Amino acid sequence: MTQLEKILKQAQAERHALTREEIVTLLSLTDPADLQRLHAAAYEVKLRHSGKVVSFRGIIEMGNVCSKDCFYCGIRKGNTEVERFQLAEETILRGVKRNIDMEYGSLVLQSGEIESDAHTAFIEKLLHRITEMSAGKLGITLSLGEQSEETFARWRAAGAHRYLLRIETSNPALYAKLHPVGHNFERRVNCLRLLRKHDYQVGSGVMSGLPGQTYSDLANDILFFHELDLDMIGMGPYIPHHDTPLGQEIAFTPDYAADHLRIGLNMISVARLYLHDVNIAATTALQALADDGREQGILAGANVVMPNITDTEYRRNYQLYENKPCLDENSEQCRLCLARRLEKIGETVNWNQRGDSPHYAARQ
Ligand code: SAH
């Protein structure tokens with residue numbers, strides 16, 4: 001048995017078994033045969049915990065108004081090129097209805113970051129109406145940025161079960177380089193702890209392949225996921241957006257896409273091999289790098305896909321990064337296309353099931 005095969009076998013047998021050095025070794029693999037071994041080992045662990053099944057969550061991008069000015073993000077406050085929108089309650093509820101009709105057992109509501117009493121109340125009311133509409137059966141995930149403890153508590157009481165808040169990078173120095181003054185790493189970590197305290201299924205994650213980020217940073221990210229005892233992981237490759245300070249200098253070449261896809265897939269595999277029973281998303285950003293990027297994500301160990309159910313007319317204004325796929329497809333087309341893609345790799349969709357994180361169930 002080679003050294004690599006030994007490491008993979010041990011990681012499959014026991015979670016949290018990899019050392020920091022071994023994590024770095026796995027993340028930096030580039031040889032195609034080694035990559036194949038890494039992904040296959042992680043896929044086997046995925047099969048053990050969720051079978052040949054993928055859970056869907058329809059995502060509604062509710063608005064792109066944002067108080068943050070993150071240097072990498074296409075909807076940052078300082079980007080004057082983007083037309084701002086906020087969907088009305090009835091429009092969002094139409095999307096929710098579509099989500100139910102399409103038999104997606106869970107829903108994600110995402111938007112830019114807004115903190116105000118009016119916004120908290122708007123979301124709270126929306127959550128009550130969604131819970132009513134779905135007779136409490138739908139899994140409801142929020143991805144609405146940093147909020148006060150009181151807001152998290154109110155939204156939980158109104159029916160939200162899960163919250164996604166990416167830490168973006170667990171390296172505070174790198175975090176400071178990617179965000180303007182006033183964007184606070186500690187506060188973001190504290191929000192993750194508050195979400196946990198209020199009994200959400202907590203999801204976080206990072207972007208991989210950021211300028212200045214090392215394999216050692218990425219290894220620490222994976223250890224950080226364990227330290228916070230996360231239930232869900234959503235990670236994706238960093239993709240430049242030309243109307244942002246970070247993205248304007250970076251050329252999006254075929255080499256860029258190939259390298260970033262490899263790192264993104266390796267992150268999924270190593271996270272699966274280290275954490276075992278968490279939900280891991282094959283994010284849309286993977287598909288921005290390769291047409292079958294999300295399927296590759298599943299085969300590397302992910303078990304969740306988030307089909308876009310935002311009305312096509314708004315999708316153009318929610319481009320966090322360039323080359324975002326499916327801008328012209330409607331939700332029904334996305335549903336069929338994704339189901340067909342998964343069928344091709346022998347996976348089935350968990351229709352009408354919430355697909356909660358097994359890790360959350362285990363820690364209850
Ligand atoms: N406002 C919410 C969620 C919206 S952004 C929040 O703050 O949590 C969702 C995610 O998109 C971000 O967490 C970030 O990781 C990712 N993202 C933003 N810009 C990106 C880029 N240029 N490339 C890849 N991912 C990006």
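Contact here means heavy atoms within 4.5 Å. The model shown in these close-up views is predicted.

**Figure 1. Packing of helix α9 against helix α10 in the predicted model.** Helix α9 spans residues 215-227 and helix α10 spans residues 254-275. Their axes lie 10 Å apart and form an angle of about 35 degrees. The crossing of α9 past α10 is right-handed. On the α9 side, the contact is formed by Y215, L218, D221, I222, L223, F225 and H226. These residues meet R262, I263, M267, V270, A271, Y274 and L275 of α10. Classified by residue type, this contact of α9 with α10 comprises eleven nonpolar, one polar and two charged residues.

**Figure 2. Polar atom pairs between the protein and the ligand.** A nitrogen atom of the ligand lies 2.9 Å from a backbone N or O atom of S111. In the case of E113, a polar side-chain atom is placed 2.8 Å from an oxygen atom of the ligand. For R166, an N or O atom in the side chain is 2.8 Å from an oxygen atom of the ligand. On its own, the ligand has 560 Å² of accessible area, of which the protein covers 92%.

**Figure 3. Packing of helix α4 against helix α5.** Helix α4 comprises residues 89-101, and helix α5 comprises residues 117-133. The two axes come within 11 Å and cross at roughly 35 degrees. The passage of α4 across α5 is a right-handed crossing. From α4, the residues making the contact are E89, E90, I92, L93, V96, K97 and I100. From α5, the contributing residues are F122, K125, L126, R129, I130 and M133. The contact of α4 with α5 divides into eight nonpolar and five charged residues, with no polar residues.

Methods: Residues are numbered from 1 along each chain as its sequence is written. This is a predicted model: local features need pLDDT of at least 70, side-chain atom pairs count only at pLDDT 80 or more; totals for chains, interfaces and linings use all residues. Side-chain values use heavy atoms; hydrogens and water are left out. Axes are lines fitted to C-alpha atoms, for helices over the stretch in contact, and angles run from 0 to 180 degrees between N-to-C directions. Helices (H or I, at least four residues) and strands (E, at least two) are DSSP runs, numbered from the N terminus. A crossing is left-handed if the near helix is turned anticlockwise from the far one by less than a right angle, and right-handed if clockwise. Ala, Val, Leu, Ile, Met, Phe, Trp, Tyr, Cys and Pro count as nonpolar, Asp, Glu, Lys and Arg as charged, and the others, Gly among them, as polar. A polar contact is a pair of N or O atoms within 3.5 Å; within protein, one must be able to donate a hydrogen and the other to accept it, and residues adjacent in sequence count only if both atoms are side-chain atoms. Accessible areas come from the Shrake-Rupley method with a 1.4 Å probe; for residues, only the protein chains shown count as cover.
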